[in-house]
Amino acid sequence: MSKHTVAVVRYEAPGASVRRVVELSGGLEKLPAGGKVFIKPNVVFWTKAVTFPKWGVITTTRVIEDMVVLLKERGIDDITIGEGIVTMKPKDLETPAHAFETLGYGELSKRYGVKVVNVFERPFEKVELGEGVELNFNTDILHSDFVVDIPVLKTHNQAKVTLGIKNLKGTIDIKSRKRCHSADPDRDLNFMIARLADKLPPIFAILDGIYTNERGPSFDGKIKRSNILVASPDVLSADMAGARLLGFPPSDVPYLVHAAKNQGRPIDMSDVDVVGEDIDDLARRYTYDFTYAETEDGELPLPLARQGLRGISYRKFDLTMCTYCAGFNGLVLSTIRNAWKGEAWDDVEILNGKMMAPTPGKKKTILLGKCMYQAHKDNSDIQEMIAVKGCPPQGDQVLKALRAAGIDADSTLFDNMDQLPGFFMAQYKDRPEFDEAFFRAS
Ligand code: SF4
């Protein structure tokens, strides 16, 4: 049986380290001469308002540029960098443009002639992924000859890890992204994302672990300088190796289990040859999510439970909450925390995602988002319903709902949503290993 190859190297120097991992993995051997190449970075989030931690959140421009150079050396002239950044307003085209320019993609365009596309400004095409799953993919990736998939090596608070396969979610339209967070337990997020790579052109995956992220995928995670690069011409093998580097056996990562099963592959990597560094030498155990605790009122994130908040229950989100609602999660929790004055609230429960059910007997139930409202608008277990019906919910409506439940919510965090990521920069001050230059063209 021929084995899949995964290369693991330590990142040591610009140019040379990416060259080494690419050569060791044999990843560009099947690159078609004169082909169209689509590069998929991971730009999970952006704000124009402030500088925020990009380490371990966004693919370094360093690795992208090094890949572009290798492609150009092989005579590839038609290169597109494409991404669909999550923004709270789907029609916002300025924020992605600002992201691409700030990350130096404009410079790469001038220097190497690469095209840069916001997938939301391009057409999508329906793709059947088997078992009745249909998602709409960006036309440019579908009609390329070869994909270079460059995610960050990081954890994810729903999927456990987010690597090459999940990174492709950034090439589907918003409707499809919401569909991935399905409420059907047999066809959940892991079932859906396991299929994302199946109908695309050949993929070369390179996992950018110069910075890694515990409790990712965003800037509120615990970010480490790890100096690891992983590459493979087989994206599933790259992801299995990436999961192990983050401390998860592939058999513990449900989307990898689905993907391996779909492809008739063993989940123990017995059909994979790892070359370069030994995975076990570099692997560290990462946690992927914040802890929640049971309280006498139900459930709360551990820091809020420890603070002694009473009269409120805020259950841990599940796989059905999509990214657009997830953007509010931390904000709502921080607002509740700031509103706590030591006096118990009036038995409030807050529900989100698509599957949660109200606890009978609760006095006030806040339904966050259209999905929760649709699911429970006629639910007789709810005594007083306070619904935020938007998809995604709007900040002013969320504030109104909290206040209607008797929580004296201050609007400061919501008013300054764009600025908040900037506060996370303080912890990286005077730490030269966190270098902003990784996010600029050389
Ligand atoms: S309401 Fe929230 S969970 Fe429901 S589809 Fe909209 S963004 Fe997703």
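Biologist: Which residue in E17 is the bridge partner of Glu349?

Modeller: The bridge partner of Glu349 in E17 is Thr365, and please keep in mind throughout that this is a predicted model.

Biologist: How many bridges join strand E16 to strand E17?

Modeller: Four bridges join strand E16, residues 348–351, to strand E17, residues 364–368, and the two strands run parallel. Another position in that pairing is Val348, which stands opposite Lys364 in E17.

Biologist: And what does Lys364 stand opposite in E18?

Modeller: In E18, Lys364 stands opposite Glu384; E17 and E18 also run parallel, and five bridges join them.

Biologist: What is the strand order in the sheet?

Modeller: The order is E15-E16-E17-E18, in an open sheet of four strands with parallel pairing. Strand E15 (312–314) and strand E18 (384–388) are the edge strands, each pairing on one side only, and the twist averages 15° from one strand to the next.

Biologist: Why is E17 largely enclosed by the rest of the structure?

Modeller: Five of the five residues of E17 are buried, so the strand is largely enclosed. As for directions, Lys364, Ile366 and Leu368 point one way from E17, while Thr365 and Leu367 point the other way, and all are buried.

Biologist: Which helix lies across E17 and E18?

Modeller: Helix H15, residues 395–404, lies across E17 and E18, and H15 runs at about 165° to E18.

Biologist: Changing topic to the ligand, which residues are around it?

Modeller: The residues around the ligand are Lys178, Met321, Cys322, Tyr324, Cys325, Gly353, Lys354, Gly369, Lys370, Cys371, Cys391 and Pro392. They divide into seven nonpolar, two polar and three charged, and helix H13 (323–339) and helix H14 (370–376) each supply at least two residues of that shell.

Biologist: Where does Met321 lie, and is Met321 buried or exposed?

Modeller: Met321 lies in the loop between E15 and H13, and because Met321 has 25 C-beta neighbours inside 10 Å, this residue counts as buried. Leaving aside residues up to four places away in sequence, Met321 touches His181, Ala326, Asn352 and Gly353; of these, Gly353 is also one of the residues around the ligand.

Biologist: How far apart are Met321 and Leu402?

Modeller: From C-alpha to C-alpha, Met321 and Leu402 are 19 Å apart in space, and they are 81 residues apart in sequence.

Biologist: What about the largest nonpolar core, which residues have the most contacts inside it?

Modeller: Met67, Ile165, Ile206 and Val230 have the most contacts inside the largest nonpolar core, which has 95 residues. A second, separate core of 31 residues includes Cys325, Ile350, Ala387 and Ala405, and Cys325 is also among the residues around the ligand.

Biologist: Which residues does Ile206 touch?

Modeller: Not counting residues up to four places away in sequence, Ile206 touches Val21, Val63, Met67, Val148, Ile150, Leu229 and Ala231.

How values were computed: Residues are numbered from 1 along each chain as its sequence is written. This is a predicted model: local features need pLDDT of at least 70, side-chain atom pairs count only at pLDDT 80 or more; totals for chains, interfaces and linings use all residues. A nonpolar core is a set of buried Ala, Val, Leu, Ile, Met, Phe, Trp, Tyr and Cys residues joined through C-beta atoms within 7 Å. A residue is buried if 20 or more other C-beta atoms lie within 10 Å of its own, exposed if 12 or fewer, and partly exposed in between; C-beta atoms are placed from the backbone. Two residues are in contact if their C-beta atoms, placed from the backbone, lie within 7 Å. A residue is near a molecule or strand if its C-beta atom, placed from the backbone, lies within 6 Å of it. Ala, Val, Leu, Ile, Met, Phe, Trp, Tyr, Cys and Pro count as nonpolar, Asp, Glu, Lys and Arg as charged, and the others, Gly among them, as polar. Two strands pair if DSSP finds at least two bridges between them. Axes are lines fitted to C-alpha atoms, for helices over the stretch in contact, and angles run from 0 to 180 degrees between N-to-C directions.
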